[in-house]
Amino acid sequence: MKQDPLTRGGNTGPPLPGRGDSMGVSLLGSTPSSSSISSISSLSSFISSSSSGEERRKGGGEEFIGREEGEVVSISIVTIAEESCPSEPFGTVGGHVEVTADESAARERDGQSKTSHSTQTEEEEERNGEEEEECRKEDDENEQGDEGEEAEEMGEDESDRPALLEEEEEEEDEEGRNQVFVSDEISELMSDRLNPETPLTILNIKMKRKLDHGPDIRPFPSGKKHCKGSNYLSPSSFVPFQTTPTTFGDLRAANGHSAQRRRVTSGPPPSGLQDWLHTFQAWSGPERLLALDELIDSCESNQVKHMMQVIEPQFQRDFISLLPKELALYVLTFLEPRDLMHAAQTCSYWRILAEDNLLWREKCREEGIEEPLVVKRRKTLKPGFLHSPWKSAYVQQHRIESNWRTGDITSPKVLKGHDDHVITCLQFCGDLIVSGSDDNTLKVWSALTGKCLRTLVGHTGGVWSSQMSGNIVISGSTDRTLKVWDAESGECVHTLYGHTSTVRCIHLHDKQVVSGSRDATLRLWDVDSGECLHVLTGHVAAVRCVQYDGRRVVSGGYDFMVKVWDPETETCLHTLQGHTNRVYSLQFDGAYVVSGSLDTSIRVWDVVTGGCVHTLTGHQSLTSGMELKNNILVSGNADSTVRVWDIRTGQCLHTLQGPHKHQSAVTCLQFSRSLVVSSSDDGTVKLWSLATGEWIRDLVALQSGGSGGVVWRIRASNTRLVAAVGSRNGTEETKLVVLDFDLTDTHK
């Protein structure tokens, strides 16, 4: 085998084969304590004794033989002076010398000792260039004879191994895969170096470990020398084992920040700066802290500010990006939607997290938004990024609510019809508006164009009640009949006969409708067939209001009674007694019944027991309209006020009044999650905050208000408001006023 280039230049040490690699020793100029020296000496002896069986000599040279090919790793033997601080950086005092074992032995024989950091000399660089070229040639020559040479060397290995080597092989199989191989000369070098007079802080030893070659490691055949190519690591390139950053400079480097970014370029460094730094590094930890305290006290404010600008960013962490995605999303669930939108502007990763569809679905449900919004494809941040439909729905709803509160209302649509008659009932579904009048007709309008699409003619008396679902319209009239209409075609599908007086109220649920009449009876009808399914009798006066949830029927009448019915058996389950005057309005959510009466009170009833849970007092007149959602009830009264109640506690949360309150009886109302809309005989439609009870603005204000102009009915969807207005003295023309708050609606 040819001499390894690393051993040339007067070095009589052995060639280092490719499989065994080389041994690197890093010497740092720091004097260890005696206890540290003894511990390292013990470790040195252990390494020497455990590796003696692995040595063999060939041709006056020394090679380190491993039984298994494996990955080369490094260990660091560290000694720290007793008086030093554990947090001090290693090797900050003195020079830094990196030599190979052979070079160290040669320098010992020559009496050379180096304690300062040095680089390769020009002679070594020139020799390395020649060695690299020669090595490439040798590889080409030895490529074909490698296998025979390896076999020959391995044969010699087996014949020269002592019995101790075989015993250690058995111990290796039992005790683990890690084995250290160190020659006698290196052991002597270590023993010689490890004495109190010789500065030594870190000793790096090349080790071999049984390990399967990973995909990024290319094993070299035994006996083949390495070329010093770009991928070859020379012994001088070995560095101490990676440790946690111990100085602020290390921390900046670990965080990817260049130290040059914080350098002050006001001029050349002051003289003695390096000596000052070396003095500081030589102090112990407590001494350094004391010096820093004194230094800070001596600094001016702009200098302290500079220190803060350098130090503070290194301790800031983007904890959202560091967390697993699931935990990061869980943290974001605690943010309000507005804060989520601000967080999305932080960086692209936060934007992706803040666009999570499930996260926005929960936010929408908290806001009462039940459907996502499908939007046109928009530009994405990167491939695979999708905009959340639920977030789009929330943003749209936020914009619409903002339009309700502050949007332009100067150009409403005006739908004129019914001449000078009173609009008695109003329904609004999708883009269709249906108005009923005492002129015996109903009209179907387009909310988009404002045009009257068709007039439903057939009743012989005034229309006083109506319900709508999709294209199906049901109307009740003073002609004692109900009619089922197709709003698209204008055709009358069924005429329902049975009542003997005016049909004053109706309520539609799925394909069944319940009607209440002045004849004191209620009837349940099948909409598809037009058949009367059940007749409910028990009231002794006109039925004025009715509610139906598909299982129970609740009715209120002029006999001061509220009744709960089982329509299937046609029996009255409960008669709710307590009101002292006519019952004009009802609400029913399946668990509670709320009734409003001319006696000025509102009563909350338990539908199961029939007991009165609360009596809500505060209004001064007839409660003409109510709406119930969850536990919140909003009531409008002829005393010109609107009140907000909690039916579970019986408390009045707000009274909507004040300088901007209605000036006459409240005729109709409707509320959403955050807004209340009310109409009045004073010719106005007002918008209120449900949360605070404060007046926001007037949505409709008739010029004839106060002199005969009236808003009879209102109906509102999420994006539109329809108000039926007119007068009884001819001061205001009968018409529908339509306000649209979704100005960017796609159908426009």
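How exposed is glutamate 362? At 38% relative accessibility, glutamate 362 counts as partly exposed. Keep that residue in mind. I'll come back to its partner.

First, the overview. This is a predicted model. The protein chain carries 16 helices and 39 strands. It runs to 748 residues, and 46% of them count as buried. The accessible surface is about 38,500 Å². Carbon and sulfur atoms own 49% of that surface.

Now the inside. The largest nonpolar core has 18 residues. Which members touch the most others? They are Trp404, Val677, Val685, Leu699, Ile714 and Leu721. The largest share comes from β38, with three residues.

Let's look at valine 685. Set aside its neighbours within four places in sequence. Valine 685 then contacts Val677, Ser678 and Ser679, among others. Its list also includes Arg697, Asp698, Leu699 and Val700. Further along the chain, Val711, Ile714, Leu721 and Ala723 are in contact with valine 685 too.

There is a second, separate core. That one has 15 residues, including Ala328, Leu340, Trp350 and Leu353.

Next, the outside. Trp276, Leu277, Leu289, Leu292 and Leu295 form a nonpolar patch on the surface. Together they have about 460 Å² of accessible area. Two helices give two or more residues each: α8 (273-282) and α9 (285-298). Helix α9 gives the most, three residues. Tryptophan 276 sits in α8. Its relative accessibility is 49%, so tryptophan 276 counts as partly exposed. The cut-off for exposed is over 50%.

On to the strands. Take β22, residues 553-557. How many of its residues are buried? Five of five. In a regular strand, side chains alternate between the two faces of the sheet. In β22, both faces are covered. Val553, Ser555 and Gly557 are buried on one side, and Val554 and Gly556 are buried on the other.

β22 has a partner on each end of the discussion. Start with β21, residues 543-548. β21 and β22 pair in the antiparallel sense over five bridges. Cysteine 545 stands opposite glycine 556 in β22. The hairpin of β21 and β22 has four residues between the strands. There, glycine 550 takes a positive phi near 95 degrees.

Then β23, residues 562-566. β22 and β23 also pair in the antiparallel sense, over four bridges. Serine 555 stands opposite lysine 563 in β23. This hairpin has four residues between its strands as well. In the turn, phenylalanine 560 has a positive phi of about 70 degrees.

One more strand residue: serine 517, in β18, residues 512-517. Is serine 517 buried or exposed? Buried, because its relative accessibility is 0%. Serine 517 and arginine 504 lie 13 residues apart in sequence, yet their C-alpha atoms are 5.3 Å apart in space. Leaving out neighbours within four places, serine 517 contacts His499, Ser501, Thr502, Val503, Arg504, Ala542 and Val543.

Last topic: charges. Side chains of opposite charge can pair when their charged atoms come close. The structure holds 11 salt bridges. Back to glutamate 362. Its side chain meets that of arginine 361 in a salt bridge, at 3.6 Å from N to O. Arginine 361 is partly exposed, with a relative accessible area of 26%.

In helix α16, glutamate 401 and arginine 405 are four residues apart, so about one helical turn separates them. They form a salt bridge, with the closest N and O atoms 3.5 Å apart. Arginine 405 is partly exposed, at 30% relative accessibility.

Glutamate 732 and lysine 735 also meet in a salt bridge, at 3.1 Å from N to O. Here both residues are buried. Finally, salt bridges that share partners join Arg351, Glu355 and Lys391 into one network.

Notes:
Residues numbered from 1 in each chain as written. Predicted model: local features only at pLDDT ≥ 70, side-chain atom pairs only at ≥ 80, totals over all residues. Heavy atoms only, no water. Buried < 20%, exposed > 50% of the residue type's maximum accessible area, 1.4 Å probe, protein only. Areas by Shrake-Rupley, 256 points an atom, 1.4 Å probe, with all protein chains shown as cover. Core = buried A, V, L, I, M, F, W, Y, C linked by side-chain atoms within 4.5 Å. Contact = heavy atoms within 4.5 Å. Patch = residues over 30% accessible without salt bridge, like charges linked within 9 Å, V, L, I, M, F, W, Y side chains within 5 Å. Salt bridge = Lys/Arg side-chain N within 4 Å of Asp/Glu carboxyl O. Pairing = 2+ DSSP bridges.
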